[in-house]
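Thank you all for coming.

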Amino acid sequence: MSNLSSVVFSEAPSQMPSADSTALQAGASVAVNQVEKDIKNMNIKDPVDRSPVSHTLNETPTTEPRQTNRDPCSYRGLLNQGATCYLNATLQVLFMTPAFRDKVLLLDTREKLKSALKELFEELIKQDRGDRSVSTKGVIQALGIETVYEQQDAVEYFLDILEKVGPDLAEVFRGTMRNHRTCSENHKSHDDSSFKSLQIALNSRDGTYRLEDGIQSYFASTELVGDDQMYCEDCDEKRDTIWSCDIHEYPAILPLHLKRFVYDRWSRGFVKNDCPMDVPLQLPLQFQEQEHQYSLYAVINHRGSRHGGHYTAHIRSSEENKWYCFDDSRVTQVDESKLKGSSEAYLLLYQKSEYIHNFALNLEFSCVQQGLCLKHADVKSH
């Protein structure tokens, strides 16, 4: 059964739980049931305001979108169709994920969404300096987005796309969670469920948030009592139960969804938590004597509030080992120091280190078999 010591990190040891963390644990019995449900449905998302949202920062819609990168860069941007920065950031992350992108490029299908993604990726892969930014109208139509001036949640669309393209294309993001239960009579049971992302709570609004603390809170054991008792098959009745979970099958790509939008009972609405965090570049995880090393390669950022804001993506090119900021039509090289003290990081994507080499060999063999030569196949490991 998982406990706080079952997650191992290479950085400083965890701090004592804050007052916010204690409050989080107090309400954990409700959260646990929701987490189980979310993981089972593989559709983890935060509630968001569905009313039209204006872009309050540098995202003001215009009738003449920027057509080319304002700075010389080998990567192409995506046109903003109104308020579609959430989709642009998501699509750039998927394109810059070699294991996903190159499967899409090898597709031979007429399925609407898959075909639209392939067409988009084929345009993006033409990465000559000065090329015009690429339109996303085909993907927008395939996803059934009717109002391009209404901002949506980037994480929701990230998971929605993975769900709609099917398990083969989304396999690289799929992991298995093992849920453990021990009733008050010491009867033990477990079940497995698939996931494509993990929701990590931000425990504190004060000081710099530590991702390691959030992950340890996620996998901490929880006591379910009273109305939250769980049914025990051995006892044939509900019992007080110790519930915990751990990763049983590690995904090649691990997306961590930071819950910046949370319900505030005092204002009776959702508010955004802008607490800063130092995004770890390396993330070792260990459960049941299995240890895997993960490396950060992409971050979807959100700045602004629930009522309006702007999405961008910071992504490390696996070919060049350089970080770039994808801001709609504008793509610029940035330094990884931008991830230090970030109050905008919203979705973090980590890649399992040992998967990179195996994927490179498999992709190279597949391309040779099919007589393909991808300009940016990203078959190098770093």
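Predicted model: local features only at pLDDT ≥ 70, side-chain atom pairs only at ≥ 80, totals over all residues.

**Salt bridges between side chains**

Let me start with R178 and D192, whose side chains meet in a salt bridge at 2.7 Å, N to O, the term meaning a side-chain nitrogen of Lys or Arg within 4 Å of a carboxyl oxygen of Asp or Glu. Since R178 lies in strand β1, residues 175–183, and D192 in strand β2, residues 188–195, the pair ties together parts that are 14 residues apart in sequence; strands here are DSSP runs (E, at least two residues), numbered from the N terminus. R178 is buried, at 19% relative accessible area, while D192, at 38%, is partly exposed, where buried means under 20%, exposed over 50% and partly exposed in between, with a 1.4 Å probe and protein chains only.

Residues are numbered from 1 along each chain as its sequence is written, and side-chain values use heavy atoms, leaving out hydrogens and water.

A second pair is D191 with R181, in a salt bridge at 2.4 Å, N to O, and because D191 lies in strand β2 and R181 in strand β1, this pair ties together parts 10 residues apart in sequence. Here D191 is partly exposed at 30%, and R181 is buried at 15%.

Salt bridges with shared partners also join R76, E123 and K126 into one network, and the structure holds 16 salt bridges.

Methods. Helix = DSSP H or I, 4+ residues; strand = E, 2+ residues; numbered from the N terminus.
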